[in-house]
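Hello,

Here is the structure we talked about. Please look it over, then read the notes below.

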Amino acid sequence: MTDVLDPPILAQPGDHGHAHEGPTGILKWLTTTDHKIIGLSYTVTSVIMMVIGGALAEIIRAQLTSSNNSLVSLAQYNELFTMHGSVMIYLFAGPFAFGGLANILVPIQIGAPDMAFPRLNALSYWLYLMGSITMLMGFFTAGGAANFGWVAYAPLSNSINTPGAGADLWIAGLLLTGFSAIFTGVNLTATIFYLRAPGMTMFRMPIFTWNMLVTAILILLAFPVLTAGLIMLYCDRHFGTHIFSVQGGGVPVLWQHIFWFWGHPEVYILALPFFGMVTEIIPVFSRKPVFGYKGMVFATMTIGALSLGVWAHHMFTTGVVLLPFFSIMSFLIAVPTGIKFFNWIGTMWRGEIWFSTAMLMAIGFLFTFLVGGITGIYLASPPIDFFTHDTYFVVAHFHSIVMALVLGAMGGLYYWGPKITGYLLNETIGKMQFWFLFIGIQVFTFPMYLLGLRGMPRRVAAYPLHPSWQTLNELSTVGAVMIGVSTVLFMVNIGYSWKKYPAGDNPWDGHTLEWFTTSPPPHHNFYRLPRIRSERPTWDYNHPDRPAKAHGHHDNQDEVPVV
Amino acid sequence: MRTLVLSLVARSTAFLHGLAGLVTSEPFALHSRETDSDASLFRGLDTHHSVKSSTKLLERILNRRRLWCRVRRVVALPIAALALAGCTVPTFGAAPGVTTSSRSAYHLWQGFSIGAALIGSLVVVLILWTMVFHRRKGDNIPEQSQYHIPLELTYVIVPILIVIGLFAWTMVVENQEVANPKTSVTINVNAFQWGWKFTYPGQDVVVIGQTTQNPEMVMPVNENVHINLTSTDVIHSFYVHDFNFSRLALPGVLNQFTFRAVNTGTFQSQCSEICGLYHSLMYFRVKVVTRPQYEVWLESKANAGVAQASRITNNQQTSSVVPTKLTKSKGDN
């Protein structure tokens, strides 16, 4: 116990205030290169995007409540689902994870003072904001926003079939946010490789940081492909090239290859950060180390590697891809995901589980992701994919996945929000929010699975020949409204808890370095650092007599812990 | 027949009840007793070093017994479910469809669903178990166990085996589905914004129609029908729900596949890939008839077909067939 030294003080609370005197107020937000402030800007912007995307979703669900509804026109409906998907995937889920929480947390979790390239980091944010505004501006053009689905399949996305400026703004916005993602990927990779504190070896990094490293590498491998594809698409639209047009000797399916070569790694670029968040929340609220830490890291790497070889499972029904290869690769990706599941359960097993809002969200993530993951295994099988592809079954599958990610995101906000702001959120409202969200998600997705199996195709504004689909659609809309209510409750909670419950440095008895510094952390994150001798430096400092044990070792109070 | 099924169901339900009773009542009672004794006995003794080793041994034995009870519970329930499933395999939401390959795809679906139900319920039970029995009761810190290599290897190897099994079955069904048997009828299907053209080569028969005109593709039952699928403009999808099948119609690509319908009937179908404004209404029907009916139909169409086809092609330019209710909107022009 005496082996743990009190960490030397590196700086005094007053020091940085003088050394880094800069602008305050709005100018601070505009000119900052501090990763925490940029990260907070990212988080707030992306949550606003989530609200916009959610509002679009509610209109879509309202339109589908009757078989031949005229709430919106066919043209408007196409814009709605295109922009809903685009906003949620390009502007919310990714930027929230790798621009928002990762930007704030990764430097603190590895004991670094900032990101490796702070100005590049600021550029990332401004590109992202401008890209988001550019894409949404499509709604204000004469022809309306982009309307070819978030996947923009050629030749529907060419200048003959989609002539409007909305489509161009969509491409431009996506290019800008794509570059912002690439720069963040560069920044995260450099930060994690070069700025770790003394003692923070790779295998002592928190799982969230590990997942962000794999995510950043995937971004670097996948996003440039999308950027290239978008430039080709733009050239086809405006400069007379024929890369994707049959008339000029081009190949439309090439767009699908390019898009999904980015698009499937993108699924894991979205998912891995949230896996990481859940893997941070579960051990803390179970008061145990992550079960199978190294297995978890290897599972993440395996997912990252396999995700680059499964893109054509989105193209089984094109009839022009090699089915068995992409089928077995897609099946195999279930294995590392399964490993993660059992490791999460192993972490909770015989723990002391504290059902805080963050933990409830994480457990809700487990259940919802389980449904989405299992239905994903069906889709890896081409004969089953042939009759579920492009139906509501697929819609339900990936909404189970992404809504699980939303649960993870909310868990992350309840867990790290106090660190970022210094104040806790109200737990009672938080739990209400959880139940609305969790039950809402299930009520929302389960009817869609059944609708898909009964033959309802996706992206239809009406189903006049199938009035029998109406009841299930209504049920799904009820779920969507419940999810909307949960979002409102979240906003209410922020307003209600505003600077009400001071959090202190370590409200959850956390494991990792961010819980060692103040809430919110000072300018360069740390006044002092503990000795880093495991992946739980803060826990080791607070509980020097309770280090992690491998299998077969039992607690023995007499033994001097090896620190 | 009906009574037989009912009695079977009743018997299996009783069997399940019995099994559940057998599984739950006794070990549950045993288990709770153990937990109580565990709590009262060992917590007090924990500080006495002299008795520690003997209590540890006792604890380990009890733990092992408790674990065995849990294992029995976890294993027996799926077996009971399987026994029940043996009588009538549920549809799990899908339908067998009316072609040979739709049926094998459906059986594959059922197999996957049984596997999914078993694995899914195992995971759910494990999560619920730890949520109920390992929730925080005080301020004590649990044992900080982190690795258990044999267990971790188990849940690497077993899923790989499961996945290989699923893949093998998939390959069997898929090879049937993409096989190229000898066919007696060929139909050229051409998709366009927003309708379908069905051409019967060598028969002088063309069926064409758009959106809610709901054109009909007629094919004979119990014969292999070869489809040549193309698209004129953007990507569409030839999706026949009752055949459990869809295939994209790609411009510049000839997609070929074969159906063998085993039932007659008319099957409502539609495009399933977003293809522009009237995607929602790009309907068609597949009508499976007997061979004589098919020949009569071909003959009637061959006489009237050409004139009708040209008339509808003219309609296509004016697009007057789109329902008025859905056209009142911006961006239709």
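**Sheet in chain B**

Strand β6 (residues 236-240) of chain B is joined to β7(B) by five bridges, and the two run antiparallel. Strands here are DSSP E runs of at least two residues, helices H or I runs of at least four, numbered from the N terminus. Two strands pair if DSSP finds at least two bridges between them. B:Tyr239 stands opposite B:Ser246 in β7(B).

The open sheet has five strands in the order β4-β10-β9-β6-β7 (chain B), with mixed pairing. Its edge strands are β4 (216-220) and β7 (245-249) of chain B, each pairing on one side only.

**How the model is handled**

This is a predicted model: local features need pLDDT of at least 70, side-chain atom pairs count only at pLDDT 80 or more, and totals for chains, interfaces and linings use all residues. Residues are numbered from 1 along each chain as its sequence is written, with chains lettered from A and ligands numbered from 1 in the order in which they are written.

**Chain A against chain B**

81 residues of chain A are in contact with 72 residues of chain B (contact: C-beta atoms, placed from the backbone, within 7 Å). The largest share of chain A's side, eight residues, comes from α11(A). By class, that side of chain A has 50 nonpolar, 22 polar and nine charged residues. Nonpolar means Ala, Val, Leu, Ile, Met, Phe, Trp, Tyr, Cys and Pro; charged means Asp, Glu, Lys and Arg; the others, Gly among them, are polar.

Best wishes

Note on methods: Two residues are in contact if their C-beta atoms, placed from the backbone, lie within 7 Å.
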